[in-house]
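Here's a quick walk through a two-chain model, with the sequence and coordinates alongside.

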Number of protein chains: 2
Amino acid sequence: MRRKLDMTTETHCWVPGATRADGDFPIQNLPWGVAERSDRQGEPRIFVAIGDSALDMAECAGFGMLAGLAPRIEAALRMPTLNGLMALDAADWTAARAHVTGLLTSGAHSIEKHARRDAVLIARASLKMQVPAAIGDYTDFYASEFHATNVGSMFRPNQPLMPNWKYLPVGYHGRASSIVVDGTPVVRPHGQTSATDEGPPTFGPSKLLDHELEVGFFFGGAGNAMGNRISVAEAAKHLFGCVILNDWSARDVQKWEYQPLGPFTAKNFCSTVSPWVVTLEALRPYCIPGPSRKEGDPAMLDYLRWDNDFVVDVTLEVLLASAAMRAAGTAPTRVSIGSFKDVYWTMSQMLAHHTSTGCNMRPGDLLASGTISGPAKENRGCMLERTWRGTEPITLADGTERRFLQDGDELTIRGWCERPGLPRIGFGECRGAIMPAR
Amino acid sequence: MRRKLDMTTETHCWVPGATRADGDFPIQNLPWGVAERSDRQGEPRIFVAIGDSALDMAECAGFGMLAGLAPRIEAALRMPTLNGLMALDAADWTAARAHVTGLLTSGAHSIEKHARRDAVLIARASLKMQVPAAIGDYTDFYASEFHATNVGSMFRPNQPLMPNWKYLPVGYHGRASSIVVDGTPVVRPHGQTSATDEGPPTFGPSKLLDHELEVGFFFGGAGNAMGNRISVAEAAKHLFGCVILNDWSARDVQKWEYQPLGPFTAKNFCSTVSPWVVTLEALRPYCIPGPSRKEGDPAMLDYLRWDNDFVVDVTLEVLLASAAMRAAGTAPTRVSIGSFKDVYWTMSQMLAHHTSTGCNMRPGDLLASGTISGPAKENRGCMLERTWRGTEPITLADGTERRFLQDGDELTIRGWCERPGLPRIGFGECRGAIMPAR
């Protein structure tokens, strides 16, 4: 899984818009998603994003365009979620990707001149995107040292990082039912909050609503039997692909409830994912050996150590627009920008640690990094850090200040990869607008 | 939902063994389960336990024995999990129960003389029981004040109960994939443990493997839309039924990992449920107003207060047998006995709090009480408490001592309800034997 140039870079794609320099979805990306077509409502299908279009895999199968693929792959691509494809293995994912590349480029399998080309290549903007998999379990980690140190210093000034933090990827089980796709409104949650650490609390709408800039990744391949561990090197083979994830958080609720069993209702009301799953194969050219360790960091225990381990350099940008800005058509204000490479724990380590007890994983399970922050102020991935608990408010383009999110605000996270000599590949958007408490 | 005598008490059931005084499954119980018949492997079906038998609902439907039930109920009873039945409402659950009562008693709908009676009434011992529902999300609470105080005093001697504990039902999201049914072996998990609070840790098999005596309850009825809360009074209508649950825990792993985001791998390797879901309707005669509050306990916040709230008096017994005892046929040693009535937080409160942020529940979601302990030493629901962190070992019938669970040990939890003038109804068993670490 070391950095390696992707040979498909030179391939010519005939789809309009696929070679735009600022586009997210060139032929080198080919992320998988699930959507409803406007003419096939209630019938979600698998698509591949390409330029401003998306390829309808079920329709391709119907027209015989998947001929040559193994029947198990074609069957998986006809399903209403990505779970079937995720349940196959890396060789099958490569075969599916290579086949789609062939359809969209100028070789022997090209569908450029196919009579049914317009029936399978749909305008992306017309699609109603869905959460791409039936997520059995969702687990959220805490993999950024910058984030853990920043937040820890606010909640526990004497001991920002717990003694365990550099030995294991701290994580917790999250709520799968409330994972929604890009664009779904977020209702401001109620909860118990207390002005003091000792109480008494009151119940009402959260006043400290926050976003968390994260990357999620889907488990793929055969699930491990309960009782069996997945090694860190094997774990890399189970990384199907990544999405942007916003783990919306009610900070005032979290502060009062989180001891001793961790965050619960402060995180269970909504998590938003971007709709297109960017595969590890597409991300490979942007992988970097690592993460780097500082002097004084403890040695990894053997089950978390892998000489070929890697992080991915995904630039992550958070944008915020007030209701007034949206109404006026004002461009959103950038709140932060950072990179997924700035994590202490890798995806492979998170997955290996998750199964270290023999916990069984299932295709479609979603794991996430936790908030990704970097060394600079502008790299901080949530409002709690970015405004330092509200003491350093951000000024939006309309002149108003933000300490935390307000009703009517729309928050957008974007992610993309760039490297000299390679085209940009992107994740699309992960958006949510805040609705008043009910 | 106040205590009320169940009129079906007087009904005569013709099924052999159904009126045995020490049986779990008289006509007043009628719990739902899912199982494979030995002659229908790979084809799970819904059953109702009665005496030493179980009624095959799909087979009943095939022979027209469900005629008169609404088609949606019959359709739900033909499904391979209980999720369809759980998705209906309390009136439908009552109708289904009344219909089954009619089949198994001497009235007009009795199947006692039906030609296909032996085709639908199967020996329970021949069934391979399954986890009764596809569990979308699993949440574990911490609802016993005795347990929270005991454990808290070990982990945090200065502050056994956190300031939040009496204001909200503390809980955390658990792992759904590793929920297994009665009888499934439990592989001793690996994990990071540390002799000191500061580390460094080592990785290896857990030495402090424990059980947790809990009651689980399934969410039923229409799920709430994301953003909408369920009130505590409404919550009671969404309680489909209860099971015994053993949330196996690696205490040494838990101690090192749990700060600050709560238990994670220490709990994700296995949780065992008893196979028969005892409905709230069957439990109603054993419900008691409450729980009682002590002087000095704070007032409930409004969203958790309901004058008709209740606890259920389910006697819960934990039995332990070593490998040697099992081989010799020695009866297991009782480790503890307590009651589900000894909780501080009710099922309705746990569910209302869970949705207080607008978190959406789905039929089949499983919530659990957390370890149930009572005031006396014999009421302590886990080894950690029962042996007071290993300082007061238990002596088994074979003369060996236990501080925590050993390889080859089999732990069994039983639960039942009794009340003068009413028959005993029971939950069956929730068993697991410890396999060596892999």
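## A covered helix

Helices (H or I, at least four residues) and strands (E, at least two) are DSSP runs, numbered from the N terminus. This is a predicted model, where local features need pLDDT of at least 70, side-chain atom pairs count only at pLDDT 80 or more, and totals for chains, interfaces and linings use all residues. Residues are numbered from 1 along each chain as its sequence is written, chains are lettered from A and ligands numbered from 1 in the order in which they are written, and side-chain values use heavy atoms, with hydrogens and water left out.

Now to helix α11 of chain B, residues 347–354: it's mostly covered, with eight of its eight residues buried. Among them are Met347(B), Met350(B) and Leu351(B), along with His353(B) and His354(B).

## A strand residue in chain B

Cys287(B) sits in strand β18 of chain B, which spans residues 287–289. Its relative accessibility is 0%, so Cys287(B) counts as buried. The C-alpha of Cys287(B) is 6.2 Å from that of Asp313(B), although 26 residues separate the two along the chain.

## How the copies are related

## Where they meet

Counting contact as heavy atoms within 4.5 Å, chain A brings 62 residues and chain B brings 62 residues. About 5,900 Å² is buried between them, 58% of it from carbon and sulfur atoms; that's the accessible area (1.4 Å probe) that two parts lose on being put together, summed over both. His173(A), Leu261(A) and Phe264(A) supply 14% of what chain A buries against chain B, more than any other three residues.

There are four salt bridges between chain A and chain B, each a side-chain nitrogen of Lys or Arg within 4 Å of a carboxyl oxygen of Asp or Glu. Arg175(A) forms a salt bridge with Asp365(B), with the closest N and O atoms 2.7 Å apart.

Terms used:
Buried < 20%, exposed > 50% of the residue type's maximum accessible area, 1.4 Å probe, protein only.
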